[in-house]
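Trainee: I have a structure open and want to learn how to read it. Can we go through the features one by one?

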Amino acid sequence: GFAKGNFPSAIVKTDQERAHNLKGYIFRDWIDHKWEVSLKLDGSSMTAYNIGGELGVCSRNIDLKIDDENKDNTFVKLFHETGLAEFMKQFENIAIQGEAIGIGIQNNREKINGHELYVFNVQNITERCFFNSLDRKDLIEFAQSK
């Protein structure tokens with residue numbers, strides 16, 4: 001797609017590690033910690049944001065234009081078709097991050113017909129912190145009820 005610029009510096013980039021890459025030390029050394037277990041899908045990282053009322057969508061490293069020039073870009077289409085663009089207008093200084101999967105992305109290992117977005121992070125940009133799993137679930141359920 002057509003780039004608006006670099007990934008916004010106000011947002012923490014996605015960098016989820018697969019547990020099997022951690023060589024077991026994390027479970028041995030941090031056994032008494034609480035963990036959230038999730039499934040890592042093989043797609044492409046996508047970030048939607050509202051920074052001070054300015055909406056945007058990013059690939060892993062690029063802030064994309066969300067105008068007609070980029071209307072056929074998969075991330076931009078997901079941003080609009082899922083209702084995420086409208087939803088994001090309600091929340092300033094937040095970023096929603098997920099894995100875009102489907103046709104033309106990483107060989108479509110999940111065999112999705114079309115494209116889908118699976119959210120795994122929600123960031124409070126002002127506080128530079130992430131929602132916990134329960135708050136993230138509440139936000140997604142609220143979005144789905146709209």
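This is a predicted model: local features need pLDDT of at least 70, side-chain atom pairs count only at pLDDT 80 or more; totals for chains, interfaces and linings use all residues.

Trainee: Which side chain does Glu86 meet in a salt bridge?

Mentor: A salt bridge needs a side-chain nitrogen of Lys or Arg within 4 Å of a carboxyl oxygen of Asp or Glu. Glu86 meets Lys89, at 2.8 Å from N to O.

Trainee: How many salt bridges does the structure hold?

Mentor: Seven. One of them joins Lys65 and Glu69, with 3.2 Å between the closest N and O atoms. Lys65 is partly exposed, at 29% relative accessibility. Glu69 is partly exposed too, at 43%. Another joins Asp42 to Arg109, where the closest N and O atoms are 1.9 Å apart.

Trainee: Why does the pair of Asp42 and Arg109 tie together parts that are apart in sequence?

Mentor: Look at where each partner lies. Asp42 is in the loop between helix 1 and strand 2, and Arg109 is in the loop between strand 5 and strand 6, so the pair ties together parts 67 residues apart in sequence. Asp42 is partly exposed at 22%. Arg109 is partly exposed at 46%.

Trainee: How many bridges join strand 2 to strand 5?

Mentor: Seven, and the two strands run antiparallel. To find your place, take Ser45, which stands opposite Glu99 in strand 5.

Trainee: And which strand does strand 5 meet through nine bridges?

Mentor: Strand 6. Strand 5 covers residues 94–102, strand 6 covers residues 115–124, and they run antiparallel. Gln97 is opposite Asn121 in strand 6.

Trainee: How many bridges join strand 6 to strand 7?

Mentor: Two, again with an antiparallel run; strand 7 is residues 129–130. Asn124 has Cys129 in strand 7 as its bridge partner. Strand 6 and strand 7 form a hairpin with four residues between them.

Trainee: Which residue in that turn has a positive phi?

Mentor: Arg128, at about 50 degrees. Arg128 is not a glycine. Asn108 also shows a positive phi, near 45 degrees, and is likewise a residue other than glycine. Asn108 lies in the loop between strand 5 and strand 6. With a relative accessible area of 13%, Asn108 is buried.

Trainee: Next, rings. How many aromatic pairs does the structure hold?

Mentor: Three. For a pair, check two values: the distance between ring centres and the angle between planes. Phe87 and Phe91 are 5.0 Å apart, centre to centre, with 50 degrees between the planes, and the pair is tilted. Phe87 and Phe142 have centres 6.1 Å apart and planes at 55 degrees, so this pair is tilted as well. Phe87 is in helix 3 (residues 84–88) and Phe142 in helix 4 (residues 133–145), so the pair ties together parts 55 residues apart in sequence.

Trainee: Is Phe87 buried or exposed?

Mentor: Buried, with a relative accessible area of 7%. Phe91 is partly exposed at 24%. Phe142 is partly exposed at 32%. Ring pairs link Phe87, Phe91 and Phe142 into a cluster.

Trainee: Last one: the surface. Which residues make the nonpolar patch of about 470 Å²?

Mentor: Phe27, Trp30, Ile31 and Trp35 make this patch. Trp30 sits in the loop between helix 1 (25–29) and strand 2 (44–51). Trp30 is partly exposed, at 43% relative accessibility.

Methods
Residues are numbered from 1 along each chain as its sequence is written. Side-chain values use heavy atoms; hydrogens and water are left out. Patches are made of residues with over 30% relative accessible area and no salt bridge: like charges are joined within 9 Å, nonpolar side chains (Val, Leu, Ile, Met, Phe, Trp, Tyr) within 5 Å. Accessible areas come from the Shrake-Rupley method with a 1.4 Å probe; for residues, only the protein chains shown count as cover. Buried means under 20% relative accessible area, exposed over 50%, partly exposed in between (1.4 Å probe, protein chains only). Two strands pair if DSSP finds at least two bridges between them. Rings of Phe, Tyr and Trp (its six-membered ring) pair if their centres lie within 6.5 Å; planes under 30 degrees apart count as stacked, over 60 as edge-to-face and the rest as tilted.
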